[in-house]
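User: I am new to this structure and would like a close look at one part of it, namely the salt bridges.

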Amino acid sequence: MEPSSLSSSSAIATLGVTAFAAYLAIRAYRRSTGTNAENGAANLPWNLPLIGHTFQNIEYERIASVGGEREMVNVSILGMDMLSVWSQEDVKHAFTKALTHWGTSWPSRWVDLQGQASLAVVDDPAQHKRLRLLIGQAISKGNLDAAFPFLLQSAETTVANMVADATVKENVTVLPYSREFTFAAIVSFFFGSRQEDVARMLVHLHNFELWTQGMMDFLLPVWIGGPFARAMVARQSILDTIVQIIQERKEKEQGGDKTDGLAALIGQLEDFEIGDSFITLLFAGYDTTSSAISTAMHAWTFELDASEKELLSKEISAANITDATSLTNLPVLDAFCKEVLRWKSPIPGVFRKAKTDCVLHSGNIVREGSLVNIPFIAMFDNPNGFPEPRKFKLARFLNPSLEDRNAQSYRYVPFGAGPRQCIGMSLARLEMKVFLVLLLKNYRLLPTGKPSALQALPIQCMKPYVQFEKIREE
């Protein structure tokens with residue numbers, strides 16, 4: 001190619017890139033000023049190209065200063081334009097009318113990773129109700145009670161490994177160990193009636209970590225073999241093992257033994273629906289619950305008021321961990337876990353897509369096909385529901401008054417609400433409490449001098465560095 005041709009091609013490419021950058025800048029500016037003509041709400045300033053308001057949308061003061069009394073503002077998150085709403089009335093509407101007025105909104109690759117039969121993906125009301133009913137029966141109190149010994153054993157193993165590593169390592173952070181525990185806990189709940197099945201599934205921890213990495217790959221073509229492509233291969237490997245286990249149980253006529261989550265679903269759902277349901281449980285509970293446990297360790301060590309720590313410590317010391325029910329009778333621990341999920345919500349928020357034109361409490365209309373965002377992190381920082389929101393205070397949830405409960409209603413929704421509320425909520429809470437009680441009943445957490453690290457996105461948590469001191473029985 002002649003030098004002049006190369007120069008011409010380079011100039012055209014440069015012009016194209018410049019034009020595209022200018023388009024992004026102009027588009028971002030237009031969405032940073034005034035109001036949205038379609039829904040009448042204000043646009044949040046400083047809409048950065050591509051990134052948009054992804055980080056600003058988690059700051060309550062930022063969105064509230066623009067949203068005002070209407071409690072809504074137009075934002076752009078990772079290139080997607082949407083209306084962020086946080087009034088109690090609008091949040092209630094978005095959750096309680098989730099099947100009739102609001103649908104799900106997932107990137108296409110997330111749909112592929114979760115599966116078409118995933119409860120999180122299915123939009124058809126009748127299909128969603130059928131799946132939720134059957135999966136909900138699998139996550140019954142009876143099955144949680146049956147799984148409790150396996151959860152306790154998983155926690156004991158993980159805590160022992162973490163404490164042992166802390167004796168030879170200068171700085172140990174809780175998060176890798178809480179991830180190991182939550183994966184083992186979900187596997188044990190789903191497959192626990194046959195320990196050989198548990199063992200076969202536990203080896204897929206690496207595959208599931210590959211799967212989670214694929215969630216952040218929105219662009220790379222599959223043929224390149226990037227994170228999304230590797231995640232789909234890992235997903236198939238997990239599903240292959242699940243199908244093998246299902247077939248073995250059917251042949252041995254063990255499908256009717258309702259002692260774990262899988263047994264309760266065999267014969268009720270198709271094999272591919274069971275596989276997608278397991279992936280959904282992992283997706284919903286792996287990073288979120290492990291991150292909450294990590295934040296809880298930070299809060300216990302650095303944030304909890306001395307009097308509240310003493311109150312919780314006494315309750316944990318006297319606790320008799322014999323079954324799942326015993327943990328539900330620990331009100332201070334329950335309040336502590338609730339405050340952990342408020343203070344540093346693992347989930348930034350949720351998206352909903354309007355199935356029809358929806359009228360908000362302010363009279364503003366969200367047109368069919370438009371996206372709405374419910375910003376959990378910002379909502380949980382709202383002083384109208386949580387005075388002194390940046391302070392960690394478990395007293396917020398310990399014997400709250402009627403006025404407190406009304407102020408927190410539809411402002412505190414860490415698991416969502418309505419027909420799309422997190423179906424694994426009971427299991428996640430049980431995992432948190434088992435791990436925390438087992439650890440804090442037996443060890444003191446000591447700071448190492450290295451400050452905790454904040455992980456903001458995609459899952460928010462605090463990552464403390466701690467040492468452990470055995471509590472001697474008196």
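Are glutamate 339 and arginine 342 buried or exposed? Please set the pair beside some of the other salt bridges.

Analyst: Glutamate 339 and arginine 342 are both buried in this predicted model, each having under 20% relative accessible area. Their side chains meet in a salt bridge, with N and O at 2.8 Å, and the two residues sit 3 positions apart in helix H15 (residues 331-343), about one turn of the helix.

The salt bridge between aspartate 217 and arginine 109, at 3.2 Å from N to O, joins parts that are 108 residues apart in sequence, because aspartate 217 lies in the loop between helix H9 (205-214) and helix H10 (227-251), whereas arginine 109 lies in helix H4 (residues 108-114). Aspartate 217 and arginine 109 are both buried.

Beyond these pairs, salt bridges also link residues into a network, which consists of Arg194, Glu196, Asp197, Arg200, Glu248, Arg249 and Asp260. Counted over the model, the salt bridges come to 25.

Methods
Residues are numbered from 1 along each chain as its sequence is written. This is a predicted model: local features need pLDDT of at least 70, side-chain atom pairs count only at pLDDT 80 or more; totals for chains, interfaces and linings use all residues. Side-chain values use heavy atoms; hydrogens and water are left out. A salt bridge is a side-chain nitrogen of Lys or Arg within 4 Å of a carboxyl oxygen of Asp or Glu. Helices (H or I, at least four residues) and strands (E, at least two) are DSSP runs, numbered from the N terminus. Buried means under 20% relative accessible area, exposed over 50%, partly exposed in between (1.4 Å probe, protein chains only).
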